[in-house]
Amino acid sequence: MINKIRTQLVLNAASILRSPIHLLPQAVQKKALLEALKSVFKEALEDGDFEFLEGKWLKVEVKDLALSWLISYEDEKLVVADKPIAEDVSFSGNLNDLVLIAGRKEDPDTLFFQRRLSIEGDTELGLEVKNLMDSVDLELLPKPLQILLNQLADFVQKGVQSQQEEIEVSNAYSN
């Protein structure tokens, strides 16, 4: 029973979250995103590892939430665009897949080849972004953020696995 509830929550997470997130003012979304990025990439920002993004724009899109942000690096700080700007590279995926990537439960390359993660535009810039994301040491994140990310990624992974198992059982009975 718990597995079925978890599976349904994971499968319907985007539709459950879409309306509340879209009710948040853009300024609140932008502030929350910037604070999260500063926390996750604290060491990389201190080391100047984002210089490759200076004068360029990265679009991050959560397709099933119909959300996207444009991120760049200016004056040694990450910035989020206030208005639409042409992006140089775009990363897009569904919420669950992006959570699995963030929690290191799925490899971005695997999801890319399964067409569950899309990277479009300047491929060299996209590779630099991916490598920077891969270099983040989750152990350096604040403990509460580590725990939240781990638990969320575990929850999503188990929900996705339960769904896949149900499909396999259903296919076995129909054959």
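Where does Arg-115 lie? Arg-115 is found in the loop between α5 (108–113) and β5 (117–121), with helices (H or I, at least four residues) and strands (E, at least two) taken as DSSP runs and numbered from the N terminus. This residue is not a glycine, yet has a positive phi of about 65 degrees. Arg-115 is also exposed, at a relative accessible area of 76%; here buried means under 20% relative accessible area, exposed over 50%, and partly exposed in between (1.4 Å probe, protein chains only).

The model is predicted, so local features need pLDDT of at least 70 and side-chain atom pairs count only at pLDDT 80 or more, while totals for chains, interfaces and linings use all residues. Residues are numbered from 1 along each chain as its sequence is written, and side-chain values use heavy atoms, with hydrogens and water left out.

Positive phi values also occur elsewhere. Ala-66, in the loop between β1 (58–62) and β2, has a positive phi of about 55 degrees although it is not a glycine. Just after α4, Arg-104 takes a positive phi of about 60 degrees.

Helix α4 itself (residues 95–102) is mostly covered, with six of its eight residues buried; among them are Leu-95, Val-99 and Ile-101. Gly-93, in strand β4 (residues 89–93), is buried as well, with a relative accessible area of 0%. Leaving aside neighbours within four places in sequence, Gly-93 is in contact with Glu-61, Val-62, Lys-63, Leu-98 and Arg-116, contact meaning heavy atoms within 4.5 Å.

Turning to charged pairs, the count comes to seven salt bridges, each a side-chain nitrogen of Lys or Arg within 4 Å of a carboxyl oxygen of Asp or Glu. Lys-31 forms one of these with Glu-35, the closest N and O atoms being 3.5 Å apart. The two residues are four apart in helix α2 (residues 26–40), and so are separated by about one helical turn. Lys-31 is exposed at 54% relative accessibility, whereas Glu-35 is partly exposed at 38%. Lys-38 joins Lys-31 and Glu-35 in a network of salt bridges.

In helix α3 (residues 42–46), Glu-46 and Lys-42 are likewise four residues apart, about one turn of the helix, and their salt bridge has its closest N and O atoms 3.0 Å apart. A further salt bridge joins Lys-130 and Asp-109 (3.8 Å, N to O). Lys-130 lies in helix α6 (residues 123–135) and Asp-109 in helix α5, so the pair ties together parts that are 21 residues apart in sequence. Lys-130 is buried, with a relative accessible area of 11%, while Asp-109 is partly exposed at 33%.
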